[in-house]
Amino acid sequence: MEQEYIITVFSENKVGLLSQITTVFTCRDVNIESLTTSESALQGIHKFTIVVRTTPDQVDKLVRQVEKKIDVLKTFVYTPDEVVQQEIALYKVTRSRNVEQLVRKHNVRILEIDEDYIVVEKTGHKADTQALFRLLQPHGVQQFVRSGTVAIIKSRRELLNEYLEEIDRLRAESNEEGNEEGNKDEK
């Protein structure tokens, strides 16, 4: 049964990686509902947040394929209840008293007021930003844009940090074993 998944991909910032990642989804005939990229909390590491609707088996296959990409460090999959997620929407609406009352009622941020239009911002879940769009439509929405989903896991642990620490530990153990082998050969 299809459900929504939030896939986070951590990588170095390399040219062409986004294309490689999206190709994995295209080849498996999975539509990307939302995609955002940004720097992560770790210097030099970027984060892709990808929202898809698919089956558990399919999402597992997607993650395995994405992780095969050379520049991908690690990929994690979450369900919506495991993350805090938001998006931002901007609306350019024909200015009128009704629009200004609606804007105040829905606690949106006013970004610009012109003689002919008003630009407002709403942050929330997709359903929230879409609901405001429907309310504003009768008043003349001139432009509308919504960002992709941004998400942070609810867990206290940062899984990428744990993964990188484990890699460092394994490398250190491997180097120690290599040094011990080298010392045996010298004797």
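1. Contact here means that heavy atoms lie within 4.5 Å. With that in mind, among contacts in the protein chain between residues at least 6 apart in sequence, 73% join residues at least 24 apart.

2. This is a predicted model, in which local features need pLDDT of at least 70 and side-chain atom pairs count only at pLDDT 80 or more, while totals for chains, interfaces and linings use all residues. Residues are numbered from 1 along each chain as its sequence is written, and side-chain values use heavy atoms, with hydrogens and water left out.

3. The protein chain holds five helices and nine strands, where helices (H or I, at least four residues) and strands (E, at least two) are DSSP runs numbered from the N terminus. The radius of gyration, taken over C-alpha atoms, is 23 Å, well over the 16 Å that the globule rule (2.2 Å times the number of residues to the power 0.38) gives for 187 residues, so the chain is more spread out than a compact globule.

4. Of the 187 residues, 33% are buried, that is, under 20% relative accessible area with a 1.4 Å probe, counting protein chains only.

Definitions and conventions: Buried < 20%, exposed > 50% of the residue type's maximum accessible area, 1.4 Å probe, protein only.
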